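Reader: I am new to this structure and would like to understand the words used for its charged pairs. Could you take me through them with care?

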Amino acid sequence: MANRRNFIKGTTMSAVGMMLGGSLGAFSGRRPVSFPKEAFLSSAYGIMKDALKYRKIDAYANAYPQEDSAKAQIDFADRLGIEKLILAVPVAKKMGETPKEFKEYNDVVIKAVKRYPSRLAGQLTLHPAYLKESLEEIKRCTGEGMVGMKLYNQFKINDPVVYPVIEQFIRYKMIIHVHGESQLGVGGYRMKYDANNTPTISVPEDFVEIAKRYPEAMFQYAHIGGGGDWEYACKTFKGYPNIYVDTGGSNNDENMVDFAVENLGEDRVFFGCDSSFYQGVGKILSSRLTEMQKRKIFFENYNNILKLSGRNFN
């Protein structure tokens with residue numbers, strides 16, 4: 001009976017997340033649909049009441065130049081009790097081909113943070129092939145208060161051209177957020193088919209190689225809820241304590257969060273949304289984790305990373 005209740009609870013929150021996720025059209029210019037909190041407090045299990053009791057840092061948030069989109073983002077965060085959001089420019093197939101472009105991306109993040117400085121913190125980006133400009137940009141952006149770096153797909157994370165950037169970031173004691181990928185597989189074995197991804201996208205094996213080379217660096221594998229083979233990724237990262245994952249993405253697979261904690265430990269999993277706010281919160285609430293573990297994932301784990309550089313939240 002207990003398992004049946006957990007299943008109903010989990011699937012209900014996933015369904016609520018998918019239903020409300022449609023309102024994310026706000027980021028393309030439409031205003032978000034308003035769902036009063038009271039609508040969720042009338043059932044035996046008060047989803048919103050449960051959600052609002054946890055402090056939260058969204059470890060995967062997107063920076064938007066449009067005022068309406070930025071306001072909508074804070075609106076979602078307010079409804080769900082997301083206290084802080086860690087921003088970077090959303091990923092695309094081609095990102096920051098020149099120093100001018102990646103500086104413009106970082107300016108978007110700086111501007112976004114300045115709109116809501118008590119709620120947002122930024123991650124810079126760069127192009128490792130332009131080493132001089134990249135190192136200058138690290139200095140500029142950390143001087144503006146940024147708390148980490150997000151790398152895209154110009155190079156795999158274990159490409160030697162990225163080494164000097166990683167070495168610089170080790171000195172800053174900040175995490176490197178990487179937009180990785182793991183194609184769907186069966187039973188933990190990844191299929192070798194063409195998913196039409198950028199050839200230089202980093203896969204789990206690339207993360208392992210760079211984590212072994214730089215055990216003092218910290219790497220965040222982006223959005224296990226983004227549609228890839230999260231089981232394979234988590235199993236691959238199991239023995240590498242400097243690789244963390246965030247739970248961002250719109251996918252609500254049953255047992256995803258529990259599996260990540262089981263394989264990586266309760267200290268290496270971050271709460272993240274990647275703009276799927278209700279789904280992001282719901283998948284943590286519907287997990288079978290303890291109260292302490294949920295508090296760690298929602299807030300404490302990422303804040304502990306920020307403490308290393310002295311940029312944590314009180």
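Author: Let us begin with accessibility: buried means under 20% relative accessible area, exposed means over 50%, and partly exposed lies in between (1.4 Å probe, protein chains only). The model is a predicted one, in which local features need pLDDT of at least 70 and side-chain atom pairs count only at pLDDT 80 or more, while totals for chains, interfaces and linings use all residues. Residues are numbered from 1 along each chain as its sequence is written, and side-chain values use heavy atoms, with hydrogens and water left out.

Reader: What makes Glu 67 and Arg 115 a salt bridge?

Author: A salt bridge is a side-chain nitrogen of Lys or Arg within 4 Å of a carboxyl oxygen of Asp or Glu; for Glu 67 and Arg 115 the N to O distance is 3.0 Å, so the pair is called a salt bridge.

Reader: Why is Asp 206 called buried, and which residue is its salt-bridge partner?

Author: Asp 206 has a relative accessible area of 9%, so it is called buried. Its partner is Lys 156, with the closest N and O atoms 2.8 Å apart.

Reader: Is Lys 156 buried or partly exposed?

Author: Lys 156 has 25% relative accessibility, and therefore counts as partly exposed.
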